[in-house]
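Subject: Structure handover

Hello,

Here is the structure we spoke about. Please open it alongside this message; my notes follow below.

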Amino acid sequence: MEFDGIGSGESAERGSNYHKNRAKKRKSNRFLQNVKGFGRKGNFGRGAEMDQEQYNYLVNILASMSKQEDTEERQLMANNVLGQLEGKEIRSASNQLGSRVLENLLPFTDEETFAKLMETLADNFRVICCDKFASHVLQRMLYVALLRAVAPLQSEEDEAEQATAPKSKKPKQSTESDEVKQNGPSMWPFEEYTIKEPYSDEHRRQCRKFVKRVAKFLLNNLEEFVWDVTANYIVRQCILNLSGIGEMKMVDSGSRGNQPASVEPTRLIVPEKWQKLLIEFNLRLMAWPQFADLPFNELTSVILQTLLKALSTIGDQFQLEQLSSKLHNEGFFAGNNCIKEEEANGAENEEEPEYGTRANLPKAFKQPASIRLLESFITVVSSSFLKERIFEGLFRGHIKELSLSRVHNFAVQKFIDHINDKDVMESVFGELEDSMENILRFGHTGIVLALAKTCARLACQQGKFVKLLLDALHCAEVAPDKMLNAVLYLLPADVTLETTPRISLHGSLILQAILEFNKPIKFVSALLEMPNVRLADILSDPRGSYIANAFVGSRFVGEKSREKMVRHLEGQYSQLVLTPHGSRVVDIMYNAGNPAQRENIVRELADRCAQLNSKPWGIAINKRLLVDTYRRNPARWKVAINSDAKVAKMFDKLVGGTKRKVTSSK
């Protein structure tokens with residue numbers, strides 16, 4: 001199955017986040033143009049009505065916000081706007097335009113203004129929780145209050161880490177670009193600002209009180225709010241916040257696919273007392289008489305997924321075990337454990353009619369909601385629980401059938417990714433022995449990738465995996481280059497195509513995993529025998545370039561093979577360096593080569609200095625490898641590069657880490 005990624009050429013040269021940032025900017029501009037258009041037609045926004053004067057005022061504020069970058073000016077604007085809206089906060093928040101403006105201004109309000117707004121919202125919780133626009137303001141208010149309340153704990157944690165392990169690498173602090181990814185529609189990044197801004201102890205106490213007040217209100221109305229779409233989201237946000245997980249990313253729950261993992265949300269240190277509230281959510285849900293039905297409803301399933309993630313984050317193994325056991329015994333196994341035949345017939349046999357009605361699948365696979373819950377379930381349970389209860393009760397005997405299902409194969413991927421027992425892997429391979437070709441034909445390449453990664457991680461079934469993969473792709477007996485192409489494209493070697501396909505993301509990742517196998521000699525030799533022009537094309541590709549990382553970084557690829565690869569690519573470095581991904585490969589091969597090979601690489605690049613300096617990544621390589629210095633004076637280059645290496649080693653000793661790997665050419 002093919003997935004669109006960063007292309008080559010102009011779009012790739014602009015960077016991996018170019019299209020995301022451009023789309024975000026267009027979306028923001030489109031929203032502004034839409035609200036202006038509504039105003040001209042006399043329609044003053046969706047949701048609660050507001051008068052024309054206030055509407056136009058908020059439109060102007062929104063337009064000004066897109067141009068504002070200075071923090072002090074943001075603070076001034078936030079306090080002025082909230083002052084103008086005093087007494088109208090709830091109605092403004094219930095309007096689409098007002099909600100968007102308030103959501104972005106909240107983090108930059110001063111203590112007094114923020115405290116007043118907390119009280120106003122607290123007095124109207126029920127109305128706000130069930131309003132599709134005002135609920136977003138409450139979500140942002142809850143998160144900002146959380147950040148202001150726990151900021152001192154983050155500083156204490158950083159100090160403790162520095163005191164106990166001064167040379168260890170600290171967790172990366174959130175940057176504005178990271179925050180934009182996580183906070184979705186936020187126009188102004190605010191997380192780092194809120195953590196660092198000094199607030200009084202009294203204000204932090206008020207914020208902690210607000211977080212607890214929201215949590216208790218949601219607990220008292222849980223039976224009602226879980227069935228309301230907007231209130232359900234606030235419940236989930238609150239559960240995550242109590243465990244120290246930052247603001248949720250707005251993701252379409254229906255979007256599925258074999259995509260790379262998304263950015264992890266911010267993790268915060270929170271007061272231990274908040275864990276009691278989180279546990280109360282867990283106990284309250286487990287006590288429901290209809291608990292057995294919760295996994296099969298979209299709204300309640302996502303609440304349970306969130307709760308599993310939160311309990312896992314705080315490390316409360318007892319509560320996690322209690323919820324896991326109850327889900328397993330009463331949810332997935334309550335009543336009839338198998339899908340009824342008439343349900344299975346209507347489920348999804350449109351594309352795979354030859355694989356039966358699936359009438360014998362366990363109940364956990366009955367609904368999309370329960371399948372997604374099962375996927376979350378797999379990621380948090382212990383290894384023994386996974387083996388003895390999930391595998392034995394749900395997956396054993398059904399791996400093949402589930403792997404060939406468009407809906408269920410994602411659960412199999414998640415299960416394989418978390419296997420920690422070699423006997424279980426042997427059983428999985430036993431069920432999939434004759435199905436690998438059909439799995440690839442159906443486009444469920446994530447299953448094959450999960451198998452490859454787990455074989456590498458557990459150091460088991462590696463020879464069997466390679467045999468099954470090559471047999472499925474009809475390339476066990478073909479030339480090395482055809483074998484590699486079959487793996488990279490995940491297409492049988494005997495299939496003739498009119499045009500060269502793009503490298504499959506999963507094909508590249510599978511090859512990278514195989515290079516981590518104990519005996520990857522077949523693929524190492526194939527890469528070294530491939531014509532270097534073709535190999536350079538692969539390594540210039542956004543997906544193919546990471547094969548160089550795996551080749552050089554694998555413990556099971558010998559030093560001689562790495563040097564052979566560096567030598568094999570000679571003559572192609574001047575072409576590789578002209579693309580952003582290829583230039584990264586040049587840097588990798590330079591580090592992997594011996595002193596003579598390094599000089600050969602720089603000599604080759606020196607002939608293309610003008611082109612090298614025409615690209616930002618080329619300038620970086622020039623600076624990194626001192627290509628201009630070599631072009632002018634090779635002898636001076638040797639002295640300079642050796643001096644650079646000595647400085648880097650000295651820096652390593654001082655700070656216990658290195659930003660780049662430089663080895664002496666002596």
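Aromatic pairs come to 13 by count. Keep in mind that this is a predicted model.

One of the pairs joins Tyr-143 and Phe-190. Their ring centres are 6.0 Å apart, the planes stand at 80 degrees, and the geometry is edge-to-face. Tyr-143 sits in helix α9 (residues 134-164). Phe-190 sits in the loop between α10 (176-183) and α11 (191-196). The pair therefore ties together parts that are 47 residues apart in sequence. Tyr-143 is buried, at 0% relative accessible area. Phe-190 is buried too, with a value of 0%.

Next, the pair of Trp-227 and Trp-288. The ring centres lie 6.5 Å apart and the planes meet at 25 degrees, so this pair is stacked. It links distant parts of the chain, 61 residues apart. Trp-227 is in the loop between α13 (222-225) and α14 (229-243). Trp-288 is in the loop between α15 and α16 (298-314). Trp-288 counts as buried, at 7% relative accessibility, because the cut-off for buried is under 20%.

There is also an aromatic cluster. Ring pairs connect Phe-125, Phe-210, Phe-217 and Phe-225.

Now the charges. The count of salt bridges is 19.

Arg-284 and Glu-280 form one of them, at 3.5 Å from N to O. Both residues are in helix α15, four residues apart, so about one helical turn separates them. Arg-284 is partly exposed, with a relative accessible area of 24%. Glu-280 is partly exposed as well, at 30%.

Lys-387 bridges to Asp-421, with the closest N and O atoms 3.2 Å apart. Lys-387 belongs to helix α20 (residues 383-395). Asp-421 belongs to the loop between α22 (409-417) and α23 (422-432). Lys-387 is partly exposed, at 31% relative accessible area.

Asp-471 and Lys-467 make another salt bridge, and their closest N and O atoms are 2.9 Å apart. They are four residues apart in helix α26 (residues 462-472), so about one helical turn lies between them. Asp-471 counts as partly exposed, at 35% relative accessibility. Lys-467 counts as exposed, at 54%, because the cut-off for exposed is over 50%.

Salt bridges also build a network. Its members are Glu-119, Asp-123 and Arg-213.

Which residues form the patch? They are Lys-212, Lys-216, Lys-273 and Lys-276. Helices α12 (201-220) and α15 (273-286) each supply at least two residues of the patch. Lys-216 is placed in helix α12. Lys-216 is partly exposed, with a relative accessible area of 44%.

Asn-600 is partly exposed, with a relative accessible area of 27%. In sequence, Asn-600 and Gly-571 are 29 residues apart. In space, their C-alpha atoms are 9.5 Å apart.

Best wishes

Methods: Residues are numbered from 1 along each chain as its sequence is written. This is a predicted model: local features need pLDDT of at least 70, side-chain atom pairs count only at pLDDT 80 or more; totals for chains, interfaces and linings use all residues. Side-chain values use heavy atoms; hydrogens and water are left out. Patches are made of residues with over 30% relative accessible area and no salt bridge: like charges are joined within 9 Å, nonpolar side chains (Val, Leu, Ile, Met, Phe, Trp, Tyr) within 5 Å. Accessible areas come from the Shrake-Rupley method with a 1.4 Å probe; for residues, only the protein chains shown count as cover. A salt bridge is a side-chain nitrogen of Lys or Arg within 4 Å of a carboxyl oxygen of Asp or Glu. Lys and Arg count as positive and Asp and Glu as negative; His and the chain ends are not counted. The place of a charge is taken as NZ of Lys, CZ of Arg, CG of Asp or CD of Glu. Buried means under 20% relative accessible area, exposed over 50%, partly exposed in between (1.4 Å probe, protein chains only). Rings of Phe, Tyr and Trp (its six-membered ring) pair if their centres lie within 6.5 Å; planes under 30 degrees apart count as stacked, over 60 as edge-to-face and the rest as tilted.
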